[in-house]
Amino acid sequence: MEEVDSESNNKDGVSEVAPALIAVHPLRSSVAVALGSDLRVFDLLAGCAVSLVVDDSVSGAAFHKDSIRAIRFGANGKLFVSAGDDKTLNIWSPLSSSSWRCISTVSSEKRISAVAISNDGSYVCFADKFGVVWVVDISGFDTNQPLLDKRPTPLLSHYCSIITSLEFSPDDRFILSADRDFKIRVTNFPKKPLNGAHEIQSFCLGHTEFVSCLAFFQAQKYPQRLLSGSGDSTVRLWVISSGALLDTCEVATKAGLLEANGSGKAEDHGHAVTDLCTTLDGLLVAVAIQSLQGIVLLSHNVSAHTLTLAKVVSIEGEAFVPTCLGYSPSARELWMITGVSGLPGSSHPSFARIRVISGIDVEQDAVVLGDDKIPGGEKLLETLQGTASVDENAFVAAAEAVKTAMCNLLIKKQYSSENRESRKKTRNDRKLKQ
Amino acid sequence: MPETEVKSTFNKSTGLPRKRFYRARAHSNPLSDSHFPVPISPSHVDYSLHFPHFFPGSSKKIQFADIGCGFGGLLISLATLFPETLMVGMELRDKVSEYVKERILSLRVANPGQYQNVSVVRTNSMKYIPNYFEKAQLSKMFFLFPDPHFKEKNHRRRVISPFLLDEYAYVLEVGGIIYTITDVEELGDWMKSCLENHPMFEALTEKELEADPVVKLLSSATEEGQKVARNEGQTFQAVYRRIVPSDQTS
Ligand SMILES: C[S@@+](CC[C@H](N)C(=O)[O-])C[C@H]1O[C@@H](n2cnc3c(N)ncnc32)[C@H](O)[C@@H]1O
């Protein structure tokens, strides 16, 4: 059984590895990083580390005990959520620059793989390892008051597929869910979501490998347009109301990573798209690809409905392959992180490295900032990376592990028939019968 | 399991495939991932392969789907009852779907011009329905004698569930009908309550059930149905229509 594999297989170490995540506050007041079970926050305005506060007033609240798989800010920056393998979702109030309080803890029956917050701040949704999306009503919460006992109710489900990404459309009319079975589902987000979301608007079908990420153009002008990235090394542009595919950009080929004839493709997933980020004006899209030291910028031609290569921004000197991207519209900065935690048998079990590209704009030239120029400086790096300077050896070892980790995370386990049989024999539910 | 040689599996006198060569495990686990081709999207379904009599050259689309069609008895009955309607059976077990395929091919040979509108695909219907059918494409869906999956923890393997009904509502046109029948009372109750509680389905009235010629086939057309009838078992059916939810965004 697929979903059981994804849980039980953690024993073999590989899939427990968690890629580092980054999120930038919408007003750029802070930057958050998740590495394993560790949540780290830096306040850019005050120039200091933020302490996270978990107190008794919130029942069951605790720091994460296992890998964090998803973090994100609410649209207005008044909320922050973190969730993952410990089957809990923490809602934080990032109001003060010196400390963030955990105002609610939501328990899930299964591990959490993705989260989303409605743009009006009324609902938090999360996806669990069984492909079920749950919704929690957080409307009317007061940042100073702990939210009372919030229970999730089931909203929709992808039948036994792991949901890799969850997004609300900019107008909150739809909730989108992407999975490892190449599907993107667009569901009408109902007025009363606690009764479930039954009306499917469309499916965006076209990817030929797992869908790894979804992104909207924040600009209200294109609430219908969706971008998706996939293990098939493409970024696709869709109309969500119909599921129509507008354009497919073979990013890995365009960036020169793959031969145009497609040789060396798919099999090793070496050029999977791992994350996507759109800029505020909707004209540029930043794309992170496995094996690419840097990012690809695509330009989105609004009237021609196309995605074309604008440029490849390379990162010289180190094997920096981003695992996650974050964008600050006000500063036109792209924040990137690479890293993993839980590396089996490594002398550097966890590792994170942050880089920033400034000048993400149509007119300007993108510049990869040196560590001395990074906003927040050495203090930020110390807080978010855990160390101001990253050991070169750790870096090289980690880069390879990041690649394996990302692939294991996203690709369905393929068992040989022999392996399949032997797994069946050792399955717990079979054992019980004997 | 070694593949059975196809040639030897036909009955010499009738030319029809022999069922015993296509026996497979009685129950299959829809949660395990087997390897079979899945169309990327409904526009990738190769109609000329399934309906060479009509394609290329037709703009018809599949309108009936028999989910977990087993040995295909229902499809065979519907084929002549609705000769202009394209229909497909979906079956997870490889050998069983192969049997249905051979059965249809021999019927086409024995009855020129007939059975051209039926076909079968081997797939996991619980995962890949959206890959085969567009929104509102289907007018009828059948779930006849589905596997009961008694244990509570296996309920999510059932082909009728609140979540899966969302997908069925998506592929069914408004007014389209979902037919279910079982000889397991508990499952019958389950299917009925799932449908009853879903905002996009409403029960057909007694009158409508009587007027619908398809309803009579539910208990008589399939192999499973005939087995139940032979043993004089009771059956439980639930037939529901796809409706527009009362409050569009409820
Ligand atoms: C008990 S049989 C009934 C067959 C047929 N409808 C009849 O009435 O004779 C249930 C069938 O559903 C098939 N099945 C179970 N799960 C399925 C799935 N997820 N997708 C397609 N077929 C499935 C099984 O392989 C089996 O042939």
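Contact is defined here as heavy atoms within 4.5 Å. The structure is a predicted model, in which local features need pLDDT of at least 70 and side-chain atom pairs count only at pLDDT 80 or more, while totals for chains, interfaces and linings use all residues. Residues are numbered from 1 along each chain as its sequence is written, chains are lettered from A and ligands numbered from 1 in the order in which they are written, and side-chain values use heavy atoms, with hydrogens and water left out.

In chain A, A:His158 occupies the loop between strand E13 (153-157) and strand E14 (163-168); strands (E, at least two residues) and helices (H or I, at least four) are DSSP runs numbered from the N terminus. A:His158 has a relative accessible area of 1% and is therefore buried (under 20% relative accessible area, with a 1.4 Å probe and protein chains only). Beyond neighbours within four places in sequence, the contacts of A:His158 include A:Phe130, A:Ile163 and A:Arg185.

In chain B, B:Ser125 belongs to helix H4 (residues 125-132). Its relative accessibility is 8%, so B:Ser125 counts as buried. Residues up to four places away in sequence excluded, B:Ser125 touches B:Ile67, B:Met90 and B:Val159. B:Met141 likewise touches B:Ile67, among other residues including B:Ala65 and B:Tyr168.

Note on methods: Buried means under 20% relative accessible area, exposed over 50%, partly exposed in between (1.4 Å probe, protein chains only).
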